[in-house]
Amino acid sequence: MTLTPLLFDIPPYAGGAGIFIGVVFFLFFAALAFIVFKLLKRTVKMAVRMIIVAVILLIAFVGGTAFLMLGLF
């Protein structure tokens, strides 16, 4: 008898650790976006700076949400 199909029956559960990691992940990337925004102040035009910061914040939001969902369910 193979138990491999049973592994996909139960979702992973991280509890409070997943929630904590999600918040830390988002805050880390939000700080990174702020630092990148300040570093690119004189070298790049505003539109390109905002696109770079938006991409970093999108990664932060998606990753943080993924970790939060892992912690909640």
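Helices (H or I, at least four residues) and strands (E, at least two) are taken here as DSSP runs, numbered from the N terminus. The model is predicted: local features need pLDDT of at least 70 and side-chain atom pairs count only at pLDDT 80 or more, while totals for chains, interfaces and linings use all residues. Residues are numbered from 1 along each chain as its sequence is written, and side-chain values use heavy atoms, with hydrogens and water left out.

The chain holds 3 helices and 0 strands, in the order α-α-α from the N terminus. Buried means under 20% relative accessible area, exposed over 50%, and partly exposed in between (1.4 Å probe, protein chains only). Of the 73 residues of the chain, 18% are buried. Accessible areas come from the Shrake-Rupley method with a 1.4 Å probe, and for residues only the protein chains shown count as cover. The accessible surface of the chain is about 5800 Å², and 82% of this belongs to carbon and sulfur atoms.

Helix H2 has 24 residues, which at 1.5 Å a residue should span 34 Å; the end C-alpha atoms are 35 Å apart, in agreement. The expected span is 1.5 Å times one less than the number of residues. Buried in H2 are Gly18, Gly22, Phe29, Ala33 and Val36.

Two of the phenylalanines of H2, Phe25 and Phe29, lie 4 residues apart, about one turn of the helix. Rings of Phe, Tyr and Trp (its six-membered ring) pair if their centres lie within 6.5 Å; planes under 30 degrees apart count as stacked, over 60 as edge-to-face and the rest as tilted. This rule gives 2 aromatic pairs, listed here.

| Pair | Centre to centre | Angle between planes | Type |
|---|---|---|---|
| Phe25 and Phe29 | 4.8 Å | 50 degrees | tilted |
| Phe28 and Phe29 | 5.3 Å | 85 degrees | edge-to-face |

Phe29 is buried, at 17% relative accessible area, Phe25 is partly exposed at 24%, and Phe28 is exposed at 53%.

A nonpolar patch on the surface is formed by Ile19, Val23, Phe26, Leu27, Leu58, Phe61 and Val62, with about 640 Å² of accessible area together. Like charges are joined within 9 Å, and nonpolar side chains (Val, Leu, Ile, Met, Phe, Trp, Tyr) within 5 Å. Helices H2 (16–39) and H3 (46–72) each supply at least two residues of the patch, and H2 gives the largest share, 4 residues. Leu58 lies in H3 and is exposed, at 54% relative accessibility.

Conventions
Patch = residues over 30% accessible without salt bridge, like charges linked within 9 Å, V, L, I, M, F, W, Y side chains within 5 Å. Salt bridge = Lys/Arg side-chain N within 4 Å of Asp/Glu carboxyl O.
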